[in-house]
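Thanks for coming, everyone; please take a moment to look at the sequence and the structure, and then I will walk you through a few of the charged pairs.

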Amino acid sequence: MIDVDGYRPNVGIVLLNGDGRLFWARRVNRDGWQFPQGGMRSDETPLEAMFRELQEETGLAPEHVEVVGSTRGWLRYRLPNRYVRHHQRPTCIGQKQVWFLLRLVGGEDALKLDACDKPEFDLWRWVDFWYPAAHVVNFKRGVYERALRQFAPLVESLLSMQIGAPPVRDTQGPGKGRAAA
């Protein structure tokens, strides 16, 4: 299901533990780490898609989590040209996502990365709140930062803690900027 602008509807999941740290998982047979996410089916609401993806990718059921919030509207990212399948119609140029902030209410032992036939992840860990925005694959960083900016006040209020400011993003890229003196 791709919209008229070429974006595939998708949901993203930010899973929070009681210490304010976030679930961060490594893609199977890859170096990339990311939050759980996945495409929506045409007959699903974003909430239904989120619970399906949560179960498929983490093994968690609705009773293991509390939905704390979701992003306002769609957050979009474009795929780098090398990932666009130009021969397919309609052509998907990126993802539009609704992100959900979930708090783990069950124990970590409920996490099962092999809950489905084709696991998405093979390893996971808890990371500091802003870590994913600086360490996900480059083309997703803007969406991760926008979602986390929306969720930061919710987490601070829920856990009575200060998260701090997001890291400053290097917009220059490698090999750009000033040379050392």
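Predicted model: local features only at pLDDT ≥ 70, side-chain atom pairs only at ≥ 80, totals over all residues.

Over which residues does pLDDT stay under 50? In this model pLDDT, the predictor's confidence in each residue from 0 to 100, stays under 50 over residues 175-181, for which there is one contact beyond four places in sequence, a contact being heavy atoms within 4.5 Å. The mean for the chain is 92, and 93% of its residues reach 70 or more.

Residues are numbered from 1 along each chain as its sequence is written, and side-chain values use heavy atoms, with hydrogens and water left out.

Now to the salt bridges, meaning a side-chain nitrogen of Lys or Arg within 4 Å of a carboxyl oxygen of Asp or Glu, of which the whole structure has 10. One of them joins R21 to D128, with the closest N and O atoms 2.5 Å apart. Because R21 sits in the loop between β1 and β2, and D128 in the loop between β8 and α2, this pair ties together parts 107 residues apart in sequence; helices (H or I, at least four residues) and strands (E, at least two) are DSSP runs, numbered from the N terminus.

Another pair is D122 with R26, at 2.8 Å between the closest N and O atoms. D122 belongs to strand β8 and R26 to strand β2, so parts 96 residues apart in sequence are tied together.
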